[in-house]
Structures are given as C-alpha cells and as structure tokens.
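Biologist: Please take a close look at one residue and what surrounds it. Then tell me about the ligand site.

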Amino acid sequence: MANIKKYGFATKAIHVGEQPDFREGATGDVVVPIHLSTTFARKKVSEPTAGYEYTRSLNPTRKALESKLASLENAEYGLVFSSGLAAESTVLLALLNPGDHIVAFDDLYGGTKRLFNQVFSNFGFEVSYVDATDTSLVENGIKPNTKLVWIESPSNPLLKLSDIKAISEITRKHGLILVVDNTFLSPYFQKPLDLGADVVVHSSTKYIGGHSDVLGGAVLVNNATYYERIQYHQNAIGAVLSPFDSYLTLRGIKTLALRLEKHQENALKIAHYLASHPKVSKVIYPGLESHPQHELAKTQASGFGGVLSFEIKGTITDAEHFLEKLTVFALAESLGGVESLIELPSIMTHSSVAKEIRDQIGITDTLVRVSVGIEDVEDLIADLAQALE
Ligand code: P1T
C-alpha cells in the first residue's frame, strides 16, 4: 500500500504499521508480531540492527502502534506511553522548565489536575485555571512566563468544549504551545492538529484501546523539535508502553471507527431518554441541541462521542442508591470501553479536586458521568429506568 495517507480512517486503522513484510526471510504476517525482546543484538559494535538497540528506546511492536496512531491523527510523529498520565508527565518535562506557567482549562480529568497541582507545582511549574469555553479568558490568563495552554475538548466530566482553532490563533500569536487532550473523541471524531494544536495527548486506555483491558497514553505532534525532545525524555524517563500492551492497543484500534459510531448512536438515544425523565434535572451531551456549544461541536468535530453526564434530582444519597441499583452498567471509573460504565465524579474520578473548585465549575454532588457502551441500547435504557424508579 504505497501512499498510505490517501486512504480513509478505517483503512489506515487496520493497515498502517502492519503491512506484510515480504523481504528475504520474512513471513508476511498480516498482524505485527509481539517483539518481546528487551535488547537487540548487532553484528558490528557501531551498527545497531535496523536501528534497534534496547526496547525502552525503540521496539518494533511499539513503533507499529506509534505510526498507526500518527496516521490517524494526521500527525508526522507519534509516541506511546505506559499510561495517559505518563504521556502527560513526559510532555511537561520535555517542553517546560521550572518557573514556566501553564494556562489550563478549569474542567480537566481529576488526575491531570492532581499531576499539575500536587506534583509539578513542587518543581516550580505554575498553573492557573480558566473557563476555556470563553476564548478571551484563555488570552486573559496569559502571563509573561506562560509557555503552554492545556485543554480537553470535550472536557471531563462536564463535556464543555473549547474552540481549538480560535485558541490556537491566540497561542500562535503569543508563541505558546497548545496541548489538546483528545481522549474523549479520539482521532475518529476530532483531529486537533488539523485545527492548529501543537501537541495531542491521549489516554489510550479509553476509546483507542477500547476494551478496558490495557492502560496506555499517546502523544502526537507535527513539529520535529517537539518530537525529538519528547522522544528523548520518553527514553530517559522510561514510561514506555510494553510490547504486549502495544499489541493489545493495535488490536483495539482496528475497530475504533465501528465502535465509535455505535457508542455515539447509543449515547444520543440515552441522552434523549434521560432528558425526558422526571427524576433527571439536566443532561449534558454535545450531541443534544440543548448543549450550549452544540454548534461548535458540529463544526470542529465530526461526532459527539459516547460520554454524557447528567444530574439526578435529590441528594447525593439518592444518586448513590441509583448507581448501586444498576445491573448492566458497571459502577466504575474510566470510559471508552465496549461495556457501559457509570460513576459519580464528586466521589470517584474527581475526588482529588477540592469541593469548592468542584462547586465553582459545576461538578455537583449529584452529577453522574456515563460512558455509554456498545451493548443493545434497549437493555441500557431498561437498566437506567429500573434504577431511576
Ligand atoms: O488513566 P490514564 O491512562 O493515565 O489517563 C489519564 C487521563 C488523561 N486524560 C483524560 C481526559 C482522562 O480521562 C484520563 C483518565 N480518566 C479516567 C480514568 C476517568 O475515569 O475519567
């Protein structure tokens, strides 16, 4: 398959990085082998075999995944890590210095905020949070030592959007790096680099892996200098994805397009069901016309994803009772797997965010987050109905 770039998303998801090798002695595998070897022998001291020396630096299975993900994000370069947070940490260490300031979206995965506030702050990194749904607040947050803007769109767990193109114009004007966490939509629905972002990060634990059986993270960039710096730090720090986990992730990606269509179809039906339920006070899903940024969602992405949040009428105890009554939905953190997951951010994924900050940005005690899976939607709706009852 010459000129792989001309092919569509699903074709690339299946073939990039896994094209059969017909060279002398090769076996023509249609699936990339799991190269478990941690080290690679060479015949001459100064000539590593095909560039491979040691798996922390470069591994053929990991490389196949990195090239597949890069092609799907329309990126020149890809790197994969042992988790989303490992990817995030490596990006920060590679691109920033102590004393640098980050402007970050005030609605981010709780673990990302914990990394910023409890870990990097101890090393002199400064972060301030703004409501990035308003682009002007991002610009107002810039200080003389600002180096980087960090957003999620849609954000976790409130599904707020930021205008990636408009923010990229601001970061470009001020010479800043724009990082977009694209976990919630995956490259199937949104390609932030095409919209002007400099760095895309993922928790590939979610939709990219897709089966809740492999932790991972990814970084995609077009800029060669950023790539070299992040790759250098990836090797120096060592938080790489293992060959076996690279294989599982490669396997998951092959059905990304199919899965996301079904996640979205089910999510839209559930969002409509919940919106009409008397015990639900509010449903947040970018695919609903009631979402304040529905128009932006339609222009900057090709889909709305499979995560939605809603508020239950009543108290936190009512919310807990509802969650504990579900039988098809698993009461669990994480998202993006084929199975439906549901959770209470205030007590689970976002418990590390201080209560007054949660109240300020809208993560109420009765806010429930749903990662809609690809089961039969009738079964999901019946489960919600009996638990709400
Ligand atoms: O869990 P890990 O692979 O390290 O990824 C961290 C991460 C990064 N970015 C976003 C947007 C995320 O949602 C996550 C992880 N999130 C969950 C575990 C969760 O339940 O929200």
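Modeller: Leaving aside neighbours within four places in sequence, Asn 266 is in contact with Val 372, Gly 373, Ile 374, Glu 375, Val 377 and Leu 380. Contact means heavy atoms within 4.5 Å. This is a predicted model: local features need pLDDT of at least 70, side-chain atom pairs count only at pLDDT 80 or more, and totals for chains, interfaces and linings use all residues. Residues are numbered from 1 along each chain as its sequence is written, and side-chain values use heavy atoms, with hydrogens and water left out.

Asn 266 sits in helix H10, residues 256-275. A helix here is a DSSP run of H or I, at least four residues, numbered from the N terminus. Asn 266 is buried, at a relative accessible area of 0%. Buried means under 20%, exposed over 50%, and partly exposed in between, with a 1.4 Å probe and protein chains only. A polar atom of the Asn 266 side chain lies 3.0 Å from the backbone oxygen of Gly 373.

Now the ligand. It has 18 residues around it, and Asp 181, Ser 203, Thr 205, Ser 334 and Arg 369 come nearest. To count as near, a residue needs a heavy atom within 4 Å. A polar side-chain atom of Asp 181 is 2.6 Å from a ligand nitrogen. A backbone N or O atom of Ser 334 is 2.7 Å from a ligand oxygen. The protein buries 93% of the 480 Å² that the ligand exposes when taken alone. Those areas come from the Shrake-Rupley method with a 1.4 Å probe.

Definitions and conventions:
Helices (H or I, at least four residues) and strands (E, at least two) are DSSP runs, numbered from the N terminus. A polar contact is a pair of N or O atoms within 3.5 Å; within protein, one must be able to donate a hydrogen and the other to accept it, and residues adjacent in sequence count only if both atoms are side-chain atoms.
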